[in-house]
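Open your viewer and get ready to select residues by number. Each stop gives you something to pick and something to look for.

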Amino acid sequence: MTYKKMDDACRLVRGGAEYLSTHPDFNCPTETGFIPDSGAIAAFVTASTGKKPTYFGKPYRETLEMICEATGVSKDDMCLFGDRLYTDIALGARNGVTSVLVLTGETTADDVDSAAKDEQPTYVFGSLDDVDKVMFGE
């Protein structure tokens, strides 16, 4: 990503281009810390243009419908894993799908306690390794 590309995006959106974004996550965890994610980039474009994107990823229902269609699995037989309350877990909570929050991303245990009802996970684990141990033993 460069300033020129961001400038081009803003110019195109101002000119009427369809403005889409995959998800509103602000930060993406990496081995070296957080980096800006799709939501932060979209916020830049929105701040400059005054236009909001149409999101089509988590936590939007269309994403769940696509997963069900692609896998043939009903939401009643599904479990979603994620590290963010407002996208990963909200997709499950808002659509009646079991959700597992892992605390290896940006969400902390304190965040879970103060989360809105439609962002509450069914289960919380410290990591995927912890989930593995509970499900399959050591």
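The tour visits a pair of helices and then some salt bridges.

**Before you start.** This is a predicted model, where local features need pLDDT of at least 70, side-chain atom pairs count only at pLDDT 80 or more, and totals for chains, interfaces and linings use all residues. Residues are numbered from 1 along each chain as its sequence is written, and side-chain values use heavy atoms, with hydrogens and water left out.

**Stop 1: two helices.** Select residues 3-14, helix H1, and residues 38-49, helix H2. Helices here are DSSP runs of H or I with at least four residues, strands are E runs of at least two, and both are numbered from the N terminus. The axes of H1 and H2 come within 10 Å and cross at roughly 55°. Axes are lines fitted to C-alpha atoms, for helices over the stretch in contact, and angles run from 0 to 180 degrees between N-to-C directions. H1 and H2 are therefore oblique to each other. (Under 35 degrees is roughly parallel, over 145 roughly antiparallel, 65 to 115 roughly perpendicular, and the rest oblique.)

**Stop 2: where they touch.** On H1, pick Met6, Ala9, Cys10, Val13 and Arg14; on H2, pick Ile41, Phe44, Val45, Ser48 and Thr49. These residues make the contact, meaning heavy atoms within 4.5 Å.

Stop 3: Select Arg11 and Asp8. They form a salt bridge, with the closest N and O atoms 2.3 Å apart. A salt bridge is a side-chain nitrogen of Lys or Arg within 4 Å of a carboxyl oxygen of Asp or Glu. Arg11 and Asp8 are three residues apart in H1, so about one helical turn separates them. Arg11 is partly exposed, at 45% relative accessibility. (Buried is under 20% relative accessible area, exposed over 50%, partly exposed in between, with a 1.4 Å probe and protein chains only.)

**Stop 4: a bridge between loops.** Go to Asp118 and Arg94, whose side chains meet in a salt bridge at 3.0 Å, N to O. Asp118 sits in the loop between helix H5 (109-114) and strand E7 (123-125), and Arg94 in the loop between helix H4 (85-93) and strand E6 (98-102). The two residues are 24 apart. Asp118 is partly exposed at 34%, and Arg94 is partly exposed at 38%.

Stop 5: Now select Asp83 and Arg84. Their salt bridge spans 3.7 Å, N to O. Are they buried or exposed? Both Asp83 and Arg84 are buried. The whole structure holds 11 salt bridges.
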